[in-house]
There are 2 protein chains.
Amino acid sequence: MSRDPVLRRAAISWARGRELTPQRLWPVLRARGGAEALLASSEAELAEWLESGERARAVLRSGEDLPAERWAAQLERAGMRVVTAFDEEYPSLLAEIPDPPFLLYAAGNLERFRLPAVGIVGSRAATRYGRDVAARLSRELALAGVTVVSGFARGVDEAAHQAALSTPGGTIAVLGCGLDVEYPREHAALKKSVASRDLLISEFPPGAEPKPSNFPVRNRIIAGLCAGVVVVEASRRSGSLITARLANEFGRDVFAVPGSVFSQTSIGTHELLRDGAILCRGAEDVLAELFPAIGTARTAGGAAPPRASAALSEEARRVWETLRKEQDASAEDLAQATDLPAATVLAALFELEEAGLAQFGEGGRYGVRR
Amino acid sequence: MSRDPVLRRAAISWARGRELTPQRLWPVLRARGGAEALLASSEAELAEWLESGERARAVLRSGEDLPAERWAAQLERAGMRVVTAFDEEYPSLLAEIPDPPFLLYAAGNLERFRLPAVGIVGSRAATRYGRDVAARLSRELALAGVTVVSGFARGVDEAAHQAALSTPGGTIAVLGCGLDVEYPREHAALKKSVASRDLLISEFPPGAEPKPSNFPVRNRIIAGLCAGVVVVEASRRSGSLITARLANEFGRDVFAVPGSVFSQTSIGTHELLRDGAILCRGAEDVLAELFPAIGTARTAGGAAPPRASAALSEEARRVWETLRKEQDASAEDLAQATDLPAATVLAALFELEEAGLAQFGEGGRYGVRR
């Protein structure tokens, strides 16, 4: 719970009222040294900073807003958790974005907020390929102890949540409506599973309908909770691209999964890749970038076991003898030393890499693999 | 033909003999101011530069190697062309690589060497997807007047050559064996078509068998002929990756086509994309990068026709009013001016882009689309 009941009460009051938005209040709050300092300011000062007397009075009122506090307590008695930005349960990465929600309504296991988190998002109209990638990626990340965050929509989101259930990492579903609103209807069973084993959250109060304008606002929470976001499939103007742009603005890594150039739902992901997103082939790419300390079983690729040099081609053997002598050389050095054409040396080096004997290293040089 | 019959004779002699390789001779030739200067040097000088008396004598002999000249004339009478590095027909981009072939055996239309050229290469064991992409890409480039260069192998190469036949750009097939050697056997009909309408070339003399060590040597010619190379599909250690590395070393652009993360033949292309290759979705991506003056009909995407602002959401309308007034603004400016959450503004901007009203421009700012 909160380190300070007055701040908690204030946050609930801000969220319930219409005067103050996170976007308006946080910059002032940060510039003035925090919420305590703000609540201790005069109405005149607040009115100047917030450019409105009404907003100033809403701030001053909020520390004593007992009805707001009672309303939250009532929700909690009914089984919902109300986590304010000043509570210790509040996720720390989310607190870093420009406009963190004043509070989150939550159902389930708040411990999920403490794990490393990755967003997996994508098209509602996902293809079979998109759902398969989302499921595999999600399961591998979640088995490695990473919480998979997504938006509880059809398609990619659903596949990601489903695959992460009952794993060490689990999943967090961020809704664009109140926690008690059944949307999408066909996810009722999934919702029960997430709420019982994992975590369901929303910035929108109970009863709030899933208005279209809620979704981009919700997407900032997905981006804010995560160290990185993977876009699995996205059409040209998909909402997932908004999540990606927000993640980028928050300084989080953006990954995109490649797909068929003929697929409409890969147009957005290929656009992201052209704009500098990191290509994601599977969980290992995400873990290597974000959490290098966490290992995972490589599902594809991986170094082949070293092969006897006897199986090498004539050219590869000549290059290998020179490389073993020099320990470290450029392809050009090797071409000169062996008097083989540069292209032949490159092919020989490929063969040596495949055989686990040589490796491509810093500055375009080749070395003997240890 | 050659500007100088002595140089042409010398080049044929170097190619026929075993003493001199392009890799050995070109650096000396360039350092000493060209072939004429080299042929006029003393045996002692040549022996020093080439680190061998035998090589020096081979150079001095070459200018008067009449048997070599007669041999080439005989091939030409039989219908084959012998193009030396000193002939004006020799492709100019190929002359720029570190070790251009001394001569190329050719059959067909040498005018193909004068057109802008792009390599399309990939796996012999291409999937249906790889062959489809290669064919579409090749046809679009060739219809736009670009010559499609490839290695005449099964799979991607075959699809690329086939699709470029009978187009303005046409195709160049670079063999890893003599022009008269039937390899691969099932390409006999394709070979006839390429030789009659387009161009078949090889650095290897008539009768040369397709030894495995020929292929990387051949690949440097593909890379050398082209302004850029597109790898359509490639497994982990595919020969196409050697072509890509060579293209990169020659300062040519490398493109890679994305595909399914589950496909073995996309492992190599995804690796290239991770290493900085340009993502290629179709001909437009290649043309935009290499030959921006050449236009092509976009086959996917393209800007939607402007939509009436009446069809916009409430939020998009508010953002549009502000943007129209400011003409140019960041998403943050717009969020402040409209008092909408930043995420909502991003979504509204997407909607305006889709409607053809706004555009994303320099420095992350948005502007009114003209």
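**Cavities and a chain interface**

Modeller: Happy to! Let's begin with the lining of the largest cavity, which by class has eight nonpolar, two polar and three charged residues. Keep in mind that this is a predicted model.

Colleague: How is such an empty space found in general?

Modeller: Rolling a probe the size of a water molecule over the atoms shows where empty space is left.

Colleague: And how many cavities of 30 Å³ or more does the count give here?

Modeller: The count comes to two cavities of that size.

Colleague: Which residues lie nearest the centre of the largest cavity?

Modeller: Look in chain B for B:Gly151, B:Phe152, B:Tyr183, B:Pro184 and B:Phe215. They belong to a lining of 13 residues.

Colleague: What lines the second largest cavity?

Modeller: Turn to chain A for that one. Its lining residues include A:Arg124, A:Gly151, A:Phe152, A:Tyr183, A:Pro184, A:Phe215 and A:Arg218. By class, this lining has eight nonpolar, two polar and two charged residues.

Colleague: Now for the two chains. How many residues of chain B are in contact with chain A?

Modeller: There are 52 residues of chain B in contact with 52 residues of chain A. Another way to read an interface is by the area it buries, which is about 4,600 Å² between chain B and chain A. Carbon and sulfur atoms give 59% of that area. On the chain B side, B:Arg245, B:Arg274 and B:Phe350 supply 16% of the area that chain B buries against chain A, more than any other three residues.

Colleague: What about charged partners: how many salt bridges are counted between chain B and chain A?

Modeller: The count is 15 salt bridges. One to find in the viewer joins A:Arg237 to B:Glu353, whose closest N and O atoms are 3.5 Å apart.

Colleague: Which element gives the most residues to the side of chain B that touches chain A?

Modeller: That is α16(B), with eight residues. Other elements of chain B that give two or more residues to this side include α2 (22–31), α7 (128–143) and β9 (278–279). Sorted by class, the side of chain B that touches chain A has 25 nonpolar, nine polar and 18 charged residues.

Note on methods
Residues numbered from 1 in each chain as written. Chains lettered and ligands numbered in written order. Predicted model: local features only at pLDDT ≥ 70, side-chain atom pairs only at ≥ 80, totals over all residues. Heavy atoms only, no water. 1 Å grid on protein atoms, 1.4 Å probe; cavity = no way out; pocket = protein on both sides within 12 Å on 5 of 7 lines; lining within 4 Å. Points joined across faces, edges and corners; volume = space filled by probe spheres on them. Nonpolar A, V, L, I, M, F, W, Y, C, P; charged D, E, K, R; others polar. Contact = heavy atoms within 4.5 Å. Buried area = accessible area lost by both parts, 1.4 Å probe. Salt bridge = Lys/Arg side-chain N within 4 Å of Asp/Glu carboxyl O. Helix = DSSP H or I, 4+ residues; strand = E, 2+ residues; numbered from the N terminus.
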